[in-house]
Amino acid sequence: MENSTLDLSFERDNPLVFTILTVYVVLTVSLGLVGNFLSIFTIVSEKSIRTTSNILIASLAVADCFTTMVTLPIMYVKLQFPQFLYDNQWFCIGSTYLLVPFKAVAICHLELIAFNRYHYITRPRHRYNQLWGMRTTGAMIAGIWVWSVVLTLLPLFGFGEVGFFESRGTCGFIPTNIFSWWYLTLLVFIVFQSCVLVSPLCFLVVLKKLYDSRRRVDVFTQRNTGISREELVITKMVMLMFLFFIVSWFPYAATHFLSSHIPVVWSKAGLLFALSSSSFNAVIYAATNKHFRRSFSRSFQCRQSANTTSVII
């Protein structure tokens with residue numbers, strides 16, 4: 001394939017920014033892998049916290065691991081090395097497909113967790129237990145993963161076309177293809193209905209319920225409502241996760257709509273920051289939940305003891 005004239009000025013003329021983004025991605029990937037693996041290990045190993053709420057968190061952590069391990073590095077390569085993409089069309093096409101499934105799983109998990117918190121806080125406990133049993137929750141999680149895989153494979157069957165954009169120095173779904181347009185519209189709809197409509201509405205209702213309960217604390221005590229302190233902590237934790245998800249994606253959304261008026265580097269930095277939300281979820285787990293903090297601390301202490309023993313030997 002003949003080389004075309006690509007805009008590589010970002011790599012040549014901005015070595016400092018290039019280095020900063022590279023270090024940021026390396027640190028974010030490291031944090032995400034360690035934090036999410038420890039989160040999964042904590043929920044699986046500690047039977048006392050192996051509730052349906054935490055099973056949802058564990059499944060989300062699995063998706064975040066893949067996002068951190070696969071999606072974020074691939075996106076970094078796509079943004080920083082356009083010539084490599086142009087010369088290796090197989091990577092260009094394959095990487096585009098890999099960017100869809102894990103974020104789709106993460107978004108659907110956030111929506112499912114929002115439903116879970118809504119039912120736990122606002123519905124009678126027996127109704128919640130009937131709907132959110134382990135088998136039912138497992139079936140919901142499996143459905144999300146299967147749906148995300150099907151969504152990813154649609155373009156392979158003609159529902160969309162992937163190509164290289166020389167003007168942007170990257171690859172993606174070609175918007176001039178009518179099927180690609182409908183596919184991208186479907187992705188936008190999934191994000192919109194989850195992040196703008198369903199999840200915020202569920203959390204607003206939960207907040208109102210908690211606020212009303214605190215105002216009537218003499219009538220509705222923690223014991224009478226059946227809302228345990230642990231479940232309240234989980235509720236606050238997932239609401240903080242959702243808030244950070246929105247905040248992390250806002251800069252990229254802003255740069256996307258203002259792309260013709262701002263430097264390209266801002267768009268690149270905004271997208272990398274958006275994808276790094278999967279890494280910072282583990283920080284939220286540790287900051288808000290004592291079980292995660294204790295497990296993380298114990299893991300690092302064991303690691304430190306092992307290193308000390310090896311030095312002595």
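Is Thr 71 buried or exposed? I looked this up in a predicted model, where local features need pLDDT of at least 70, side-chain atom pairs count only at pLDDT 80 or more, and totals for chains, interfaces and linings use all residues. Residues are numbered from 1 along each chain as its sequence is written, and side-chain values use heavy atoms, with hydrogens and water left out.

**Thr 71.** I find Thr 71 in helix α3 (helices are DSSP runs of H or I, at least four residues; strands are runs of E, at least two; both numbered from the N terminus). Thr 71 is buried, at 1% relative accessible area (buried is under 20%, exposed over 50%, partly exposed in between; 1.4 Å probe, protein chains only). Leaving out residues up to four places away in sequence, I list Phe 66, Leu 98, Leu 99, Phe 102 and Leu 275 as its contacts (heavy atoms within 4.5 Å).

**Core.** I then looked up the largest nonpolar core, which has 42 residues (buried Ala, Val, Leu, Ile, Met, Phe, Trp, Tyr and Cys joined through side-chain atoms within 4.5 Å). Elements giving it two or more residues include α3 (52-80), α6 (101-122) and α11 (229-257). Helix α6 supplies the largest share, 11 residues. Leu 60 is among the residues with the most contacts inside this core. Beyond four places in sequence, Leu 60 touches residues including His 109, Ile 113, Met 241 and Tyr 285. I also noted a second, separate core of 13 residues, with Phe 18, Val 29, Tyr 76 and Leu 272 among them.

**Phe 157.** I place Phe 157 in the loop between α8 and β1 (162-165). Phe 157 counts as exposed because its relative accessibility is 72%.
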